[in-house]
Amino acid sequence: MDAQVETSDGEFLKVKYPNGDVMRKRKFTMSDPIEVLFDFMGLDEMASEVLRIQEATSSNAIESTSTGSIADHGIKPLCTLYVLWTSA
């Protein structure tokens, strides 16, 4: 899924990486499998195999082993997701 093409009619999600300096954004369709989002995050050179994401205002982290659609996990368009690496 790494090579999945960005949709032209999707919704922007922003991803902020642990170093704080890097933020990337990309359009996703909220019905896409959440694995597509995790694959996008995993393209970072510092990526670990296992990671978690969460919104700044949420106390619930989503594990990279999760299944379902992006929307199934309560992720809304235009939000910023923070990446937490959990293994090297």
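Let's start with the nonpolar core, meaning a set of buried Ala, Val, Leu, Ile, Met, Phe, Trp, Tyr and Cys residues joined through side-chain atoms within 4.5 Å. The largest one here has 19 residues, and L13, F28, L37, M41, I53, I75 and L81 touch the most other members. At least two residues of this core come from each of β1, α1, β3 and β5. Helix α1 gives the largest share, 6 residues. As general background, nonpolar side chains tend to be buried together in soluble globular proteins.

A quick word on conventions. This is a predicted model, in which local features need pLDDT of at least 70 and side-chain atom pairs count only at pLDDT 80 or more, while totals for chains, interfaces and linings use all residues. Residues are numbered from 1 along each chain as its sequence is written, and side-chain values use heavy atoms, with hydrogens and water left out. When I say buried, I mean under 20% relative accessible area; exposed is over 50%, and partly exposed is in between, with a 1.4 Å probe and protein chains only.

Now the overall layout. The protein chain has 1 helix and 5 strands, and along the sequence the pattern reads β-β-α-β-β-β. Those elements are DSSP runs, numbered from the N terminus: helices are H or I with at least four residues, strands are E with at least two. Of the 88 residues in the chain, 32% count as buried.

On to the sheet. The 5 strands make an open sheet with mixed pairing, in the order β2-β1-β5-β3-β4. Here two strands pair if DSSP finds at least two bridges between them. The edges are β2 (23-28) and β4 (62-63); each has a single partner strand, so one side of each is left without a neighbour in the sheet.

Helix α1, residues 34-41, packs on that sheet and touches β1, β2, β3 (51-55), β4 and β5, where contact means heavy atoms within 4.5 Å. Its direction makes about 150° with that of β2. For that angle, axes are lines fitted to C-alpha atoms, for helices over the stretch in contact, and angles run from 0 to 180 degrees between N-to-C directions.

Looking inside the sheet, β1 (residues 11-16) and β5 (residues 80-85) pair in the parallel sense over 3 bridges. V15 stands opposite L81 in β5. By contrast, β3 and β5 pair in the antiparallel sense, over 5 bridges. There, R52 has L84 of β5 as its bridge partner.

T80 also sits in strand β5. Is T80 buried or exposed? It is buried, with a relative accessible area of 19%. Leaving aside residues up to four places away in sequence, T80 touches K14, K16, M23, Q54, E55 and A56.

Back to the helix for a moment. Of the 8 residues in α1, 6 are buried, so the helix is mostly covered. The buried ones are I34, V36, L37, F38, F40 and M41, and they pack against β1, β2, β3, β4 and β5.

How many aromatic pairs does a search of the whole structure find? It finds 1. The rings belong to F28 and F40, with centres 5.6 Å apart and planes at 70°, so the pair is edge-to-face. The criterion takes rings of Phe, Tyr and Trp (its six-membered ring) with centres within 6.5 Å; planes under 30 degrees apart count as stacked, over 60 as edge-to-face and the rest as tilted. F28 lies in strand β2 and F40 in helix α1, so the pair ties together parts that are 12 residues apart in sequence. Both F28 and F40 are buried.

V50 lies in the loop between α1 and β3, and it is partly exposed, with a relative accessible area of 31%. The C-alpha atoms of V50 and T65 are separated by 7.7 Å, and these residues are 15 apart along the chain.

L78 is in the loop between β4 and β5. L78 has a positive phi of about 70°, although it is not a glycine. For context, most residues other than glycine have a negative phi. At 64% relative accessibility, L78 counts as exposed.

One last figure, on contacts. Among contacts between residues at least 6 apart in sequence, 59% join residues at least 24 apart. Thanks, everyone!
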